[in-house]
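Biologist: I have a new model open on my screen and would like to learn how to read it. Could you walk me through it, feature by feature?

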Amino acid sequence: MGILWEDAVVIRQAESPGECNVITVNCPDKTGLGCDLCRTILLFGLSISRGDLQTDGKWAYLVFWVMGKPNTRWSLLKKRLLEVCPSYFSTSEIDYYHPDDQQPKPSDVFLLKFWCSCDREGLLHDVSEVLWKLELTIKRVKVSTAPDGRVMDLFFITDTRELLHTEKRQEETIRYLRDILGDALISCEIESVGAEVTACSQDSSFLPSSVIEDMFSLEFPQHDYHRSGFLAPNSISVMVDNNLSRSCTLVQILCKDHKGLIYDIMRTLKDYNIQTSYGRFFANPKGNCEVDLFIKQADGKKIVDPSKQNALCSRLRMELLRPLRVAVASRGPDTELLVSNPVELSGRGRPLVFHDITLALKSLNTGIFSVEIGRHIIRDREWEVYRILIDEGNGFTVPRNKIDEGVKKALLGWD
């Protein structure tokens, strides 16, 4: 009958500091399973240093060696990984266990609205940290500062636990916010929002053509790589080989490691509806990563068409060169930070982006005047765009290149 369901995910914690924790997943396979597991691991702030995966098309066995944190909630991580795994009955012949085929119900959206008597550096990061710990996902943000210095924050959020409609869960959230904001918190409310309000929150402000051209270019850069947010193209190698396996195409990747690297690779394969039969990846202490993946098309065949091979290699190379896009520009007399990341075809954005942006700005002692998070369809792809207006009212201005560099390092996990 297979393994016990609670044993589908086994986590062996490191016995001493500096050692890796080992996560083993043994469950039915599905296209995109590796992507979904890596996204969950990234959501918990963990980095994958090594991995092995193997599947026969029906059953998958994956092992991840991850670097944890002292406050990692391992039992909760196991629960979330189990939720990603398909049920055993999805591959069995016991049809009456199958749920009705239907799309997952979208999570209910809630509006978290609060006023603070004053702004302070790091306020938004502290709030995003609290929401992350509570497993509340930020979908949209509207932050503004009134002339008298008061701050109004509007967070459109969803609840991973699906409990935010209850009074107990709302009181818990408000209590955590009050603990971190203290006497500065004037009022705090949580309310469910209807479909029409949610639709309005999806609307994004206009992006200047110059920003679109610079941030969303699909061409490889020819100069000034680091300043433009790129790595040098020759720092990444993506090759395909159809000679080493009778049934699979081998994709070999050599590149510099960054936070969420394996997620970026698996996300790209999932968007192309490509199945991974076997794979291994390893990041060495010098920050270089080696990836070998034996893959198939959705029809179970190799990728033999040269145009499809080139398209996949080009896409992987671009995703690894520029997993996120960062720019610091002028917005009238003010300084604006823009960060964008591609959205999965499933509609999910990259985890912890807002958390890492606010952490970087907090470490730079840089205040935030306003924030807008929206989605844009640009060049047939959906992007999640963060527009942050820097607060320069205190007279202390951080050079733009320092903001650009600090945010990139936080997002990519580079010291």
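Modeller: Gladly! Let's begin with charged pairs: the structure holds 29 salt bridges, a salt bridge being a side-chain nitrogen of Lys or Arg within 4 Å of a carboxyl oxygen of Asp or Glu. Please keep in mind that this is a predicted model, where local features need pLDDT of at least 70, side-chain atom pairs count only at pLDDT 80 or more, and totals for chains, interfaces and linings use all residues. Residues are numbered from 1 along each chain as its sequence is written, and side-chain values use heavy atoms, with hydrogens and water left out.

Biologist: Which residue forms a salt bridge with lysine 270?

Modeller: Aspartate 36 does, and the closest N and O atoms are 2.8 Å apart. Lysine 270 sits in helix α7 (residues 261–271) and aspartate 36 in helix α1 (residues 33–43), so to speak distant parts of the chain, 234 residues apart. Helices (H or I, at least four residues) and strands (E, at least two) are DSSP runs, numbered from the N terminus.

Biologist: Is aspartate 36 buried or exposed?

Modeller: Aspartate 36 is buried, with a relative accessible area of 7%, while lysine 270 is partly exposed at 21%. Buried means under 20% relative accessible area, exposed over 50%, and partly exposed in between (1.4 Å probe, protein chains only).

Biologist: What other pairs can I look at?

Modeller: Lysine 259 lies in the loop between β10 (249–256) and α7, and aspartate 356 in helix α9 (residues 353–363), so the pair ties together parts that are 97 residues apart in sequence. Lysine 259 is partly exposed at 29% relative accessibility, and aspartate 356 is buried at 7%. There is also a network of salt bridges linking Asp264, Arg267, Asp271, Arg315, Glu319, Arg350 and Arg381.

Biologist: How do I read a helix?

Modeller: An α-helix has 3.6 residues a turn, so residues three or four places apart point the same way. Take helix α4 (residues 167–181): at 1.5 Å a residue, its 15 residues should span 21 Å, and its end C-alpha atoms are 21 Å apart, which agrees. The expected span is 1.5 Å times one less than the number of residues.

Biologist: Which residues of α4 are buried?

Modeller: Arg169, Gln170, Glu172, Thr173, Leu177 and Leu181 are buried. Seen down the axis of α4, they fall within an arc of 160° (taken from the directions from the helix axis to the C-beta atoms), so they line one face of the helix. The face turned away from that buried side carries the exposed residues Glu167, Lys168 and Asp179.

Biologist: What covers the buried residues of α4?

Modeller: The cover includes β5 (110–116), α3 (123–133), β6 (136–145), β7 (151–159) and β8 (185–192), with contact meaning heavy atoms within 4.5 Å. Following α4 comes glycine 182, whose phi is positive, near 65°.

Biologist: How many residues of α3 are buried?

Modeller: Ten of its eleven residues are buried, so α3 is largely enclosed by the rest of the structure. Among them are His125, Asp126, Glu129 and Trp132. Glutamate 135 follows α3, and its phi is positive, near 65°.

Biologist: How do I look for empty space?

Modeller: Rolling a probe the size of a water molecule over the atoms shows where empty space is left. On a 1 Å grid over the protein atoms alone, a cavity is a set of points where a 1.4 Å probe fits but cannot get out, and a pocket is an open set with protein on both sides within 12 Å along at least five of seven lines; lining residues have an atom within 4 Å of a point. Grid points are joined across faces, edges and corners, and a volume is the space filled by probe spheres set on the points. The count here comes to five cavities of 30 Å³ or more.

Biologist: What is the volume of the largest cavity?

Modeller: About 180 Å³. The largest cavity is lined by 19 residues, of which Asp29, Lys30, Leu33, Gly34 and Thr276 lie nearest its centre.

Biologist: How many residues line the second largest pocket?

Modeller: It is lined by 38 residues, with Ser47, His258, Lys259, Leu412 and Gly413 nearest its centre, and its volume is about 930 Å³. The largest share of this lining, four residues, comes from α10 (400–412).
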